[in-house]
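Hi everyone, and thanks for coming. Please take a moment to look at the picture, and then we'll walk through it together.

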Amino acid sequence: MLNINYKARLSFLLCLCVYSAPSFATGPRVAPSLFTSNTAFLYTSDFPPFISSKAENQGLLIEIINTVLKSSDITAEVNILPSKNMAKYYFSQENALAIIGYDFNFSKQTQQKSIFIPILSIDEYYYTHASVQQKFKWNGKLSSFKNKVYGTTKGNNVEKYKAAGIKVKYGRLHNLLQKMQKGQVDFIKSPQLTLNAELHTDFPQQQSAFIKMETKAAESVLGIAFNTQHADGKQSAEKFKQGLQKIITSAEFNSILQGYLGSEVDVKPYLKHLK
């Protein structure tokens, strides 16, 4: 009798492990929709101070997006993932409602099923480390960085860098800054606000060692891309456009920006894409 009970319990535990394993897998194939029904998800990755899993309202861009969602009666939840590639996977393979960020580097097929709505314009700059600063002569052309090592996040478009004879190494911002200190990466590209936030938090004693190169490297646009293959994709995109325009023309949009960037901030540069 004891032997039978033991076997029964063992069988139960084995079954529990077998059926539970897919649910608790850590790979990118496990979506939150496995656990929550009837919830639309918007995927993104950390990009402080615009997108931040550590911030109370998940960052400047996410607060704007959540404000528009609420005012437009769009029921959706923002999910900040560890990497941009994971967010891109859910958008292209799992037909998530939307993806948030910039420089998605979509395939042509994925581009065709996305509706991108711009929200914030940002200026980006190249940064190098003081130890190698003298080796750089940034003249506005990537050819001036030939044979140098560029650090960036996986998922970003690096074709123009490779075409210019530039080597590429991948990593998250924190990791790339460490590689710059060790001489393993020569330069990176980042908005000044994003780099300043990372340096202030994790490299407070070395902030002056990371040098911004003039002139600016690029003008980019942060926004949200809706998935037309999702049942609510097209309708949500249209509702979001209208809701965004409403908060831009009201004082609400400016109020959110000033809450993060200070009451004296000029909001016009962040809306350059509307010209």
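Let me begin with a term: two strands pair if DSSP finds at least two bridges between them. Helices (H or I, at least four residues) and strands (E, at least two) are themselves DSSP runs, numbered from the N terminus. One more bit of housekeeping. This is a predicted model, where local features need pLDDT of at least 70 and side-chain atom pairs count only at pLDDT 80 or more, while totals for chains, interfaces and linings use all residues. Residues are numbered from 1 along each chain as its sequence is written, and side-chain values use heavy atoms, with hydrogens and water left out.

So what is the secondary structure of the protein chain? There are nine helices and eight strands. Of the chain's 275 residues, 43% count as buried; buried means under 20% relative accessible area, exposed means over 50%, and partly exposed is in between, using a 1.4 Å probe and protein chains only.

Now the sheet. It is an open sheet of eight strands with mixed pairing, in the order E2-E1-E3-E8-E4-E7-E5-E6. Strand E2 (76-81) and E6 stand at the edges with a single partner strand each, so one side of each has no neighbour in the sheet. From one strand to the next, the twist averages 30°.

Let's zoom in on E5, residues 149-152. Its neighbour E6, residues 167-170, runs parallel to E5, and four bridges join them. Across that pairing, Thr152 stands opposite Tyr170 of E6. E5 also pairs in the parallel sense with strand E7 (residues 187-191), over two bridges, and there Tyr150 has Phe187 as its bridge partner. In a regular strand the side chains alternate between the two faces of the sheet. For E5, both faces are covered: Val149 and Gly151 on one side, and Tyr150 and Thr152 on the other, are all buried.

Strand E1 is another one to find on your screen. Six of the six residues of E1 (residues 40-45) are buried, so the strand is largely enclosed by the rest of the structure. Ala40, Leu42 and Thr44 point one way, while Phe41, Tyr43 and Ser45 point the other way. E1 pairs with E2 in the parallel sense over six bridges, and Phe41 has Glu77 in E2 as its bridge partner.

Is Thr75, in contrast, buried or exposed? Thr75 is exposed, with a relative accessible area of 68%, and sits in the loop between H2 and E2. Thr75 and Thr39 are 36 residues apart in sequence, yet 7.4 Å apart in space, C-alpha to C-alpha.

For an antiparallel pair, look at E4 (residues 114-129) and E8 (residues 210-227), which are joined by 14 bridges. Here Thr128 has Ile211 of E8 as its bridge partner.

Finally, the helices. The axes of H2 (residues 60-71) and H9 (residues 252-261) come within 10 Å and cross at roughly 155°. That makes H2 roughly antiparallel to H9, since angles over 145 degrees count as roughly antiparallel, under 35 as roughly parallel, 65 to 115 as roughly perpendicular and the rest as oblique. Axes are lines fitted to C-alpha atoms, for helices over the stretch in contact, and angles run from 0 to 180 degrees between N-to-C directions. Contact means heavy atoms within 4.5 Å. Among the residues making this contact are Leu60 and Ile64 of H2, and Phe253 and Tyr260 of H9.
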